[in-house]
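Subject: Handover of a structure and notes on its contents

Dear colleague,

Please find the sequence and the structure below. My notes on what was found follow them.

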Amino acid sequence: MAGTVTKCTKDNTLDHVLTQVGDFGRYQIFIFTLLSFAGILHALMHFAFVFTSKNPGYRCQIPECDNSTSTTDLNEFHPSWLINAIPFTNGKPEKCQRFQSNRHNIPSNEYEHCDDDHFNRDVLNACDDGYVYDTDKISIVNDFNIHCDENMWMLTMVGTINTIGQFVGLPLAGIVSDKFGRRATLVWGIILGAIAGIIRAFTTNYIMFVVFEFLDAALSAGTFACVFILGVELVGPSKRVLACTVIASCCAVGEVVIALLAWWITSWRNLILVSYIPVLLLITYLWLIPESVRWLLSQGRSEEAKDVLRRVALHNRTTISEDALHKLTISEENAPRDSLYKIFKSATLLGRFINCCFCWITCAFVFYGLTLNSVSLAAGNSYVDFILTSLVEIPAYIATYMVVDKYGRRMTQCYSFLITGISSLIFIFADEENYHLQLFVYLFGKFGATAAFTIIYIIASEVFPTPMRHSMIGACSMIGRIGSVMSPQMPILGQIWQPLPLLLFGCMSTVAGGLSLFFPETLNTKLPDTIEEAENIGKHKDKNELLYLKKIMAGAVSKTSKDNTLDYVLAQLGDFGRYQVLIFVLFAFAVITHSMMHIAFVFTSKNPGYRCNIPQCENSTTESLNEFNPEWLTNAVPYTNEKPAVCLRFQPVNESVNQEGHCESGDFNRDVLYACEDGYVYDTDKISIVNDFDIHCDENTWKLTIVGTINNIGQFVGLPLAGLVSDRFGRRATLVWGMVLGGLSGIIRSFSTNYIMFVIFEFFDAAFSAGTYACGFILGVELVGPSKRVLSGTIISSCYAVGEVAIALLAWWITSWRTLILASYIPALFLITYLWLTPESVRWLLSQGRYDEAKAVLRRVASVNKTTISEDALDKLTLAEETAQRDPLSKLFKSPSLLLRFINCCFCWITCAFLFYGLTLNSVSLAAGNSYIDFILTSLVEIPAYIATCVIVDRLGRRLTQCYSFLITGISSLIFIFADDKNYYLQLFVYLFGKFGATAAFTIIYIITSEVFPTPMRHSMMGVCSMIGRIGSMVSPQMPLLGQIWKPLPLLLFGVLSTIAGFLSLLFPETLNTKLPDTIYEAENIGKQKKDPEQQ
């Protein structure tokens, strides 16, 4: 019987049948020729927007010079006289400004020369007479008048609209494909997309253009996935990677073709017609190519599947018996049918799906980001740039084909991501003058991104069961489009800080490389047809481990008695007695001090209001004594939104005359603007680094926002080190020395003499003190019993809010940022006394085998709390700890359920940090006139959030409370976007309600993380999760700059991320009223109901 089942399972699989008829024979080659043509056409359609919305070089038309009959440079883009008529920046003419002409009354045809004295170089005018272009190519810039920086978003938005269309179309294509077949979805999707594209070629305005760009992308979104699925499912396992490589290479060929066509064709309208009309020929594919055999079998259309296999055998000149076909279809008919929703009931497949989505987002973000930004590779010919970055994909595909079947999918994917990540980071520091080095590094990064994108398709097509494989690829690809939605905006992000896009490429690629190792290895395995087969890919059970688990369930292995656990002992001593209250007073001071150190950068780098000093008008020669907004100021300084410009002033008619506070409008030439050459006048007596390090004007604003990012990068570096140190040397030592060393770094920072020194010690301060809050939290949570665990977390968290309010009050009172740092950091030095005043964590002492010290701490708790505990109970506790199984940290990542838990924790941490700090740092917009009140208000709202968390979380449980908290923030952020700007109180309520939810979510994620991992690595896991979570807090200080691109964008990001995190929170196990796990096995089984063996 067993032998029969084994043989049937092996011989009746479709992979085995395909091997018999020919893995990649003549028939497959013929089909691949057709699929290659479809893949190339899809690439033409997909990348056409790069050239239809290409931004040509242009400048103002100078009619008196360009149209002059006496010049030999008639309408030339860069004539010799141009420098006299237009200002230049970095050797290039300004696009939308020109100098004012001095000869208005002379007809242009009487001009003999366009000399320097023909223009007033002190006055700039807009391009009222049109533009001259540096190319004969016509894009939508020409036809729809999309000129100047204020309209740049309309060009980058085309790529984003294209990707949003795919984002919408992909899930629909997946559903249609699983319902009506891969072939029909391929043919009708690409044809309908082509029709939308052809209509787009005749659009008359920008809105009509982007509407049909969206429809084109949405209708053809599933085309490439269908081509990929048809190819992968048609061939046998030995040639599956080759099939992927051939199809993927067609995309690169299509990219090169569209660039060559764009180089040759002048008009964007003709380019669309030439690229899209051939697509209509694909209607013939309904008769030329077969349907997927696997899909036909999964739909019960066995006869059609047999016909396809017979056709393959006939053309490949091989044979297959009717008996084999009959057994195959019988096996398929008897196979269990898995519904799509069952995937989300499987912890293993759910974790795999989440990992797939993140890796897909990274692939799309980096691949398209590097492709679309390739115009900076070589000056003068963007077509060559694009072709170069497209051609490098082909060797990447070939290398993938050669390597992936030798070293497996996981390792190749990991190395591909790391190649991209390291190359992107190296490119930031590459010498700009060494073009060939930059070229090599950039192309090497694109090489890795291409390989990673290829392999993620292979992995996704092999790790999910047949009935929902295409839907899963569609879902992953759809979510992955988040990356490609963001990628077209990278050039705008680069205007904020030039290396930022490549820094994002590097960080995301490196993280995705590590996560790739968690995929199962699918090399030389059959494609799974059921949920069970998909779950067990690459699993090799250890017989001894299975035997041990069976003994546990049967009661053969004795379990630790309930009264031997530390939680039970702490409950006897007093869950939260006098001793814990005393210790918490000390911890509260430490956390308040940590909070002041952590948030001080908000006020030390605060941007005060300022304007130009007007020496001939001010009442005093001392800038600090001058009035900020005197009555005469509107005569001397331009205003925007009723506020004086920060770095511009009007030219004085007579600079030598001092008006002594009485400057009239006639004293200034309002047509000429000057920079602030005589210093600045501030609207406050507060002194920040803006004053001391001369950080003024918009071009230097990034220096202020980057301080917060440097602070969080320091925490990102320090947190994992703090976790390792804490698990090795104890929570108390890490808390004390972290705070003291951080305090010393801050004190040194207060004496900084320049900006570089300031940010270096900002980094050291944050890195040293990064783990102190987590240490305080761990010491508090592990010291008390389970019934008061949430209360302890709430108290510690509330202290953080108190620290925020304290630093705001100090900043409001203290004038100088240097004095503010000293007042905030010197108290940290007193924490050296905590080495003697506070106890070490009992759980850590037990896990390190330091039983006598653990007993001494418990005796001290009993003594102060006036309770008793017998020596017998202490001996049993330590005996149970001595005999407990020790789990190394590496084992945690071998457990699918704990790995999924860890990934979920990281995402929720990132979201919490992003929301919490983003809403806090952006709070200065809540009320006009006093940013200190704004900050205090958003800090104080944390306290009721902590109290509400304490009350609710022990009633509703951790999961639901976390979910509701995230949804409160998400919904509030989205509502705030549409709230009436004039209704301040409504905006205030919605904003604070969102911060309330973010605070509650941040509190609960600490509780969850401290309860779902086993004791020996609990603090390391909290450190790792918190470290990865700092990605969110690194990004949050840049939100004000992102808001300059599109004002609602930060709140939109807050809303979307928090909503996603809310639903993911439901995947955590419920830890309400459970003991803290001490082993991997206990952690895996949190929340699982166990049956009594005697009742079985």
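How many aromatic pairs does a search of the whole structure find? The search finds 34. Please keep in mind that this is a predicted model, and that every value in this message was computed from it.

One of these pairs is formed by Phe-440 and Phe-444, which are stacked with 5.7 Å from centre to centre and 10° between the planes. Why do these two residues fall about one helical turn apart? They are separated in this way because they lie 4 residues apart in helix H21, which covers residues 435-460. In general, an α-helix has 3.6 residues a turn, so residues three or four places apart point the same way. Phe-440 counts as exposed because its relative accessibility is 52%, and the cut-off for that term is over 50%. Phe-444, with a relative accessible area of 34%, is partly exposed.

A stacked pair is also formed by Phe-989 and Phe-993, whose ring centres are 5.8 Å apart and whose planes meet at 10°. Both residues belong to helix H47 (residues 984-1011), where 4 residues, or about one turn of the helix, lie between their positions. Phe-989 counts as exposed at 54% relative accessibility, while Phe-993 is partly exposed at 37%.

Ring pairs also build a cluster, which links Tyr-773, Tyr-800, Trp-909, Phe-916, Tyr-917, Phe-1002 and Tyr-1006. Two rings have a charged residue over the face. Lys-703 lies over Tyr-755, at 5.7 Å from the ring centre, and Arg-749 lies over Phe-758, at 5.5 Å from the ring centre.

Which residues touch the most other members of the largest nonpolar core? They are Phe-603, Ile-689 and Phe-1002, in a core of 130 residues. Helix H43 (residues 896-921) gives the most to this core, namely 13 residues. Phe-1002 also belongs to the ring cluster described above. Leaving aside residues up to four places away in sequence, Phe-603 touches Ser-688, Ile-807, Ala-808, Ala-811, Leu-820, Tyr-932 and Phe-935. There is also a second, separate core of 124 residues, and Met-45, Ile-190, Trp-360 and Ala-512 are among its members.

Two further helices deserve a note. Helix H28 (residues 578-599) has 22 residues and spans 31 Å from its first C-alpha to its last, close to the 32 Å expected at 1.5 Å a residue. Is H28 mostly covered or mostly uncovered? It is mostly covered, as 16 of its 22 residues are buried. Helix H50 (residues 1049-1064) contains Ile-1060, which is partly exposed at a relative accessible area of 36%. The C-alpha atom of Ile-1060 is separated by 9.1 Å from that of Cys-908, although the two residues are 152 residues apart along the chain.

Finally, here are the totals for the chain. It has 51 helices and 12 strands, and 56% of its 1096 residues count as buried. Among contacts between residues at least 6 apart in sequence, 80% join residues at least 24 apart. The accessible surface comes to about 46500 Å², of which 62% belongs to carbon and sulfur atoms.

Yours sincerely

Notes. Residues numbered from 1 in each chain as written. Predicted model: local features only at pLDDT ≥ 70, side-chain atom pairs only at ≥ 80, totals over all residues. Heavy atoms only, no water. Buried < 20%, exposed > 50% of the residue type's maximum accessible area, 1.4 Å probe, protein only. Phe/Tyr/Trp six-rings, centres within 6.5 Å; stacked < 30°, edge-to-face > 60°. Lys NZ or Arg CZ within 6 Å of the ring centre and 35° of its normal. Core = buried A, V, L, I, M, F, W, Y, C linked by side-chain atoms within 4.5 Å. Contact = heavy atoms within 4.5 Å. Expected span 1.5 Å × (residues − 1). Areas by Shrake-Rupley, 256 points an atom, 1.4 Å probe, with all protein chains shown as cover.
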